[in-house]
Amino acid sequence: MRTSSLLATAVAVTLAAAPTAAQQVPAEGASSPRDVTALLPEETVLAIDGADLAAFATGARDVYKSVSRRMPRPYRGLALLLDPFLRSSVGIGLGDLADGEIEGEWALGVVAVDNGPVPVFVARSTNGKIEKPYLGGKSALTAQVEDGVLVVAASERHCARYHAWRRDQQPTLAAKDDYLRGRVVRPGRDAARVYIDIARIRGDRGEPMLDPAGMLLVGPIVAALGDATRFDGVVRFDAGGATVRGKLDGGVLGGARPERHLLAHPAKAYRLPPAPNGTIATLCLDRSLAGFWGNLDALLGEGEVVEAQSFLSIADQLVAGSFVDDLVPSLGDPITLFAVDVVDEDAPAPTIELPAFVFVAEKRAERATKMLSRLLSTIVSIQKVEAKQNGELPFDLRRTKTEHGEVMSVANPSEWRGPGAPPTAAGLSPTLAFGGEHVVFSSTRAGAEAMLAALRAGGTGEDARGDVVRVSPPLVAEYVRKNLASLVINNVLEKGKTRKKAQLEHEFFAALLDRFSHADLAWQPADAGTSVTLTLEVQDD
């Protein structure tokens, strides 16, 4: 019997995710995966395990086929080479596993040993078809079979060490299996559980000190990871794609963490704005500006509080009022960011054509119009003076109305007269717009117009909970192709690759993205932890 290409891929991924030897910490005080799998020792810091390797491999094979065999030529061949390459070096492919070569429990883990983390794959056969696998001459792995248990690790010493542990623990493994069956809910034969010992990986390192912007953006996420001891989840493959769902046992709602004030809708759903046509990605962090500015002393260190207060003193002057008491309450939470594939028709084409970055928020008070307009006007005036001093492209602010009556303030760049291609700034036209009950700020006029059109259509976005990231892989692929020449040149200059190789890599990446319809990531605080969901769907034919 030979081992699998799935194993080689999984070990490579695990090695990339594993902590380095320098990050390794002693086991004392660390959490234990006693309720993760009976196949791995207590020192495991990361584990993926399942009840049936053949069933899980079937789902992975279906996704592999769906993505690789439907890619356009010549990129299809590159994708299809993966399986025979691993088969030649490791000995068996996904198809062999899916056909039941190993029927039984399996686990892939990273185990903490004296000299650092070691990846280990273990399978316990229930059909007697397990033998010492053949590993190709280029393989850096070693495999051993003992008493129907296959272990694959980095060296013979690590394999032998595992089997010694298994023999020592044999009297308790049966009881441990009974404990698992009584307490742990299996995710299904075609899925696998995921476990991460966050406490052991984190060790005695404290939480990072965040600056004001960092606290507002990622403070709740850092706090949840700082309180958590473990992550438990389920990964599932099927013909439609892949899904990972799990939960951290730490969060900001269950205790007295000050980061809870940063959540605009704690443990509640809210409505996203409608996405403009051509939206590449959506980012919505469920943050409360009022909660942030009202709790600076609790959220920030002394130096960071001084930094935030200095910003407020300047901001009050720019908006001709109180930034915290007047402007912040006039805007609804949260603010949503869209990346939209639209460009200004009359703008010169820069070297790299950026998408429009569009921020949108609810307008709760009319004073927001006057204060934000003054803010943009002042910033553009300052930029114009500095640009002329530094020989850069100055912007001119113009106020206009759309054909539907929406007010827009557009900062247009001066005409580019060379030499050379226009800089990236030449493709920008920062725009502040007010449409109905919303405030829109975009990096380009076209982006603002696309957002206003979506709001005008009267539709509503989807319900969301917590932090949301959504990406359209086909539109990302289209963006890569549109900027292919510039991306290739950048790759050649920065990484020293040949033009042919750099172009092939970008074209292959774009072709791969075309095979997926969308990708979603949700981070949802709850009273007893934090839920995390990652979904990647395959494109329908």
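**Entry 1: threonine 279**

I looked up the side chain of threonine 279 in this predicted model and found that it reaches the backbone oxygen of proline 276 at 2.6 Å. I placed threonine 279 in strand 10, which spans residues 279-284. Its relative accessible area is 14%, under the 20% limit, so I noted threonine 279 as buried. I then listed what threonine 279 touches, leaving out residues up to four places away in sequence: Phe338, Ala339, Val340, Ser472 and Leu475.

**Entry 2: the whole chain**

I counted 17 helices and 20 strands in the protein chain. The protein chain has 541 residues, and 48% of them count as buried. For contacts between residues at least 6 apart in sequence, I found that 68% join residues at least 24 apart. The protein chain exposes about 26300 Å², with carbon and sulfur atoms supplying 55% of that area.

**Entry 3: aromatic rings**

I found 5 aromatic pairs in the structure. One of them joins phenylalanine 292 and tryptophan 293: the ring centres are 4.9 Å apart and the planes lie at 75°, so I recorded the pair as edge-to-face. Phenylalanine 292 is buried at 2% relative accessible area, and tryptophan 293 is buried at 14%.

I next checked phenylalanine 311 and phenylalanine 323, whose ring centres are 5.6 Å apart with planes at 85°, so this pair is edge-to-face. The pair links helix 11 (residues 302-319), which holds phenylalanine 311, to helix 12 (residues 323-327), which holds phenylalanine 323; the two residues are 12 apart. Phenylalanine 311 is partly exposed at 40% relative accessible area, whereas phenylalanine 323 counts as buried at 15%. I noted that Phe292, Trp293, Phe311 and Phe323 form one aromatic cluster.

Definitions and conventions:
Residues are numbered from 1 along each chain as its sequence is written. This is a predicted model: local features need pLDDT of at least 70, side-chain atom pairs count only at pLDDT 80 or more; totals for chains, interfaces and linings use all residues. Side-chain values use heavy atoms; hydrogens and water are left out. Helices (H or I, at least four residues) and strands (E, at least two) are DSSP runs, numbered from the N terminus. Buried means under 20% relative accessible area, exposed over 50%, partly exposed in between (1.4 Å probe, protein chains only). A polar contact is a pair of N or O atoms within 3.5 Å; within protein, one must be able to donate a hydrogen and the other to accept it, and residues adjacent in sequence count only if both atoms are side-chain atoms. Contact means heavy atoms within 4.5 Å. Accessible areas come from the Shrake-Rupley method with a 1.4 Å probe; for residues, only the protein chains shown count as cover. Rings of Phe, Tyr and Trp (its six-membered ring) pair if their centres lie within 6.5 Å; planes under 30 degrees apart count as stacked, over 60 as edge-to-face and the rest as tilted.
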